[in-house]
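Biologist: Please take me through one part of this model slowly. I would like a close look at a sheet and what surrounds it.

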Amino acid sequence: MVPDIFHRDFTPTPYWWEAYTPAAGELVDMPRSARVAVVGGGYAGLSTALELAKQGIDAVVLEANELGFGASTRNGGAVSGGVNIGKSFTGRTADVEPERAERLLSDASDAFGLINRLIAEEEIDCFWEKRGRFVGAWTKKHFETQTRRLALLNSAAQSGAYIVPRQRQREEIASDYYFGGLVVERSGKLHPALYYKGLSRLAGDAASSSAPRRRSRVSAGPAPNGASRPAAGRSRRVMS
Ligand SMILES: Cc1cc2nc3c(=O)[nH]c(=O)nc-3n(C[C@H](O)[C@H](O)[C@H](O)COP(=O)(O)OP(=O)(O)OC[C@H]3O[C@@H](n4cnc5c(N)ncnc54)[C@H](O)[C@@H]3O)c2cc1C
């Protein structure tokens, strides 16, 4: 008999889904036409739909799975104004031209402001806390890279970042493991699935309070071969 390596409380679904479970909702007819079709109903798709609705632009969001099925309800919930820009998937520093890095950081800084404003103004209940972040340096070289990036991070993203040398890192973390590190004050964390839930409520409200010609709609539901279903429908849970 194969021993069960999992604890009896183990579940294969993300922990966050206990607070918000992605759901297809009620499917109704798709609009026959829309000015903009947004493919994918994650943070990116819903934020786009929300912005379009505010600008009075008719849009439809096409989602192949349940609403919130993707990375937007499965992530770590760490929010910063771009501290990871320039980091590759392997964790190594990627080669980004300085002008491009500056533009990306500036956009990331705006995104932080937008999330912060949306949560406060729209009262999205998602455990949003802005307590800053300590990024420990794995190696001496990593620490040197952090030191080099500091000025750009502060000038382009207003990160309020500062270096913590190794001999002072216990002021931030109860460990001597790292080679010092970087504190990013303009940084926070949230419950990713509850933030998604709030965003979908907002997108729905924006759609239903707009004139019919301005409506955004969301189509959701399992689609064959993972493709979006053009003839599916929209979810009343998100857009009315
Ligand atoms: C494990 C993990 C941890 C992470 N931690 C963090 C973090 O701490 N901080 C941070 O800022 N970011 C983090 N991220 C990244 C963050 O989650 C993503 O950048 C963000 O959720 C992307 O949003 P999205 O809307 O682009 O994609 P998604 O949320 O993935 O949404 C895309 C949607 O498109 C749908 N779709 C795909 N193809 C089609 C199609 N053909 N037709 C219709 N629908 C389609 C999918 O079903 C999906 O629902 C993490 C990601 C992962 C995976």
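Modeller: Here is a walk through the sheet, then a second pair of strands, then the ligand. Keep in mind that this is a predicted model.

Start with the sheet. It is open and has 3 strands, in the order β4-β6-β5. The pairing is antiparallel. The edge strands are β4, residues 133-136, and β5, residues 161-164. Each of these pairs on one side only. On average, neighbouring strands of the sheet are turned by 25° against each other, with direction ignored. What holds paired strands together in general? Strands of a sheet pair through backbone hydrogen bonds, either parallel or antiparallel.

Now look at each pairing. Strand β6 covers residues 181-184. With β5 it pairs in the antiparallel sense, over 4 bridges. Find Tyr162 and you will see Val183 of β6 opposite. Then find Ile163, whose bridge partner in β6 is Leu182. On the other pairing, 4 bridges join β4 to β6, and these strands also run antiparallel. There, Phe134 has Val183 of β6 as its bridge partner. What about the faces of β6, and which residues lie on each? Gly181 and Val183 are on one side, with Leu182 and Val184 on the other. All four residues are buried, and both faces are covered.

Follow the chain into the loop between α3 and β5, where Ser159 is found. Is Ser159 buried or exposed? It is buried, because its relative accessible area is 2% and the cut-off for buried is under 20%. Which residues does Ser159 touch, leaving aside its neighbours within four places in sequence? The contacts are Gly81, Leu153, Asn154, Val184, Glu185 and Arg186. Val184 is one of the buried residues of β6.

Now turn to another pair of strands. Strand β1, residues 36-39, is joined to β2 by 4 bridges. Here the strands run parallel. Val38 stands opposite Val61 in β2. In β2, Ala59, Val61 and Glu63 point one way, while Val60 and Leu62 point the other way. All 5 of the 5 residues of β2 are buried, so the strand is largely enclosed by the rest of the structure.

Check the polar atoms next. An oxygen atom of the ligand lies 2.9 Å from a backbone N or O atom of Ala44. In the side chain of Asn65, an N or O atom is 2.9 Å from a ligand oxygen atom. A nitrogen atom of the ligand is 3.0 Å from a polar backbone atom of Gly76. How much of the ligand does the protein bury? Taken alone, the ligand exposes 1,000 Å², and the protein buries 54% of that.

Terms used:
Residues are numbered from 1 along each chain as its sequence is written. This is a predicted model: local features need pLDDT of at least 70, side-chain atom pairs count only at pLDDT 80 or more; totals for chains, interfaces and linings use all residues. Side-chain values use heavy atoms; hydrogens and water are left out. Two strands pair if DSSP finds at least two bridges between them. Helices (H or I, at least four residues) and strands (E, at least two) are DSSP runs, numbered from the N terminus. Axes are lines fitted to C-alpha atoms, for helices over the stretch in contact, and angles run from 0 to 180 degrees between N-to-C directions. Buried means under 20% relative accessible area, exposed over 50%, partly exposed in between (1.4 Å probe, protein chains only). Contact means heavy atoms within 4.5 Å. A polar contact is a pair of N or O atoms within 3.5 Å; within protein, one must be able to donate a hydrogen and the other to accept it, and residues adjacent in sequence count only if both atoms are side-chain atoms. Accessible areas come from the Shrake-Rupley method with a 1.4 Å probe; for residues, only the protein chains shown count as cover.
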